[in-house]
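My notes are below the structure.

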Amino acid sequence: MKRLFDIIVSFFLIFLLLPLFLIVTVLVRVKLGTPILFKQVRPGLNEKPFTLFKYRTMTNERGKDGNLLSDEMRLTSFGLLLRKFSLDELPQLFNVLKGDISLVGPRPLLMEYLPLYSGEQRKRHQVRPGITGWAQVNGRNAVSWEERFTLDVWYVDNYSFLLDLKILFMTVVKVIKSEGINQEGHVTVEKFSGNSSVNEGSG
């Protein structure tokens, strides 16, 4: 039922939002150049890798040493606007249609984080990752990483179709109010395992 719901809703939204897709695509091309899409390999169901799609929100500016500048320096006001209203996430509807992710589920992080998870935290990969999830509607980037993982595991243990509908409704409200959205150029994972500090990855 969940997969059928994902297919129907993602197909409907892609069709409904086609004009918005076209507008954002053109604006990204004009303001940020190419490539238009940011692509990154993330762990999916049972930690199987897949390629996640997002609209780019940062430039490709490099320093004198030839290396990319920091995320904060490359994130433009236009890119920040895309993130504020989650418009950079629109291409993930195609990930949903493909079956890589679900509309609702734990947000997929980076492959390199897999060795850092505890046994309990790894349970977040027992379901398809999602565009939005229980952690996102309960603080999004405003809560600590340990809290987010706890919320993700709670979702896995308590999943129901009605819970998904509740999360989707709460997501719409969060986006409209722009609540709990990280305003930095990157999202830092705060030492959730060991002594390492890593970032979520952004485009």
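These entries cover the cavities and then one surface patch.

Entry 1. I am working from a predicted model. I searched the whole structure for cavities of 30 Å³ or more and got 2.

Entry 2. I took the largest cavity and noted a volume of about 50 Å³. I listed its lining as Pro106, Arg107, Leu109, Arg124, Ala135, Gln136, Trp145, Arg148, Phe149 and Asp152. I sorted that lining by class and found 5 nonpolar residues, 4 charged and 1 polar.

Entry 3. I went on to the second largest cavity, which holds about 40 Å³ of space. I find Lys2, Phe5, Asp6, Ser102, Leu103, Val104, Asp164 and Leu168 around it. Which elements supply at least two residues each to this lining? I noted helix α1 (2–16), strand β3 (102–104) and helix α7 (161–177). By class, I have the lining of the second largest cavity down as 4 nonpolar, 3 charged and 1 polar.

Entry 4. I turned to the surface and found a nonpolar patch made of Ile7, Phe11, Phe94 and Leu97. I recorded about 350 Å² of accessible area for the four together. I see that α1 and α5 (92–98) each give the patch at least two residues.

Definitions and conventions. Residues are numbered from 1 along each chain as its sequence is written. This is a predicted model: local features need pLDDT of at least 70, side-chain atom pairs count only at pLDDT 80 or more; totals for chains, interfaces and linings use all residues. Side-chain values use heavy atoms; hydrogens and water are left out. On a 1 Å grid over the protein atoms alone, a cavity is a set of points where a 1.4 Å probe fits but cannot get out, and a pocket is an open set with protein on both sides within 12 Å along at least five of seven lines; lining residues have an atom within 4 Å of a point. Grid points are joined across faces, edges and corners, and a volume is the space filled by probe spheres set on the points. Ala, Val, Leu, Ile, Met, Phe, Trp, Tyr, Cys and Pro count as nonpolar, Asp, Glu, Lys and Arg as charged, and the others, Gly among them, as polar. Helices (H or I, at least four residues) and strands (E, at least two) are DSSP runs, numbered from the N terminus. Patches are made of residues with over 30% relative accessible area and no salt bridge: like charges are joined within 9 Å, nonpolar side chains (Val, Leu, Ile, Met, Phe, Trp, Tyr) within 5 Å. Accessible areas come from the Shrake-Rupley method with a 1.4 Å probe; for residues, only the protein chains shown count as cover. A salt bridge is a side-chain nitrogen of Lys or Arg within 4 Å of a carboxyl oxygen of Asp or Glu.
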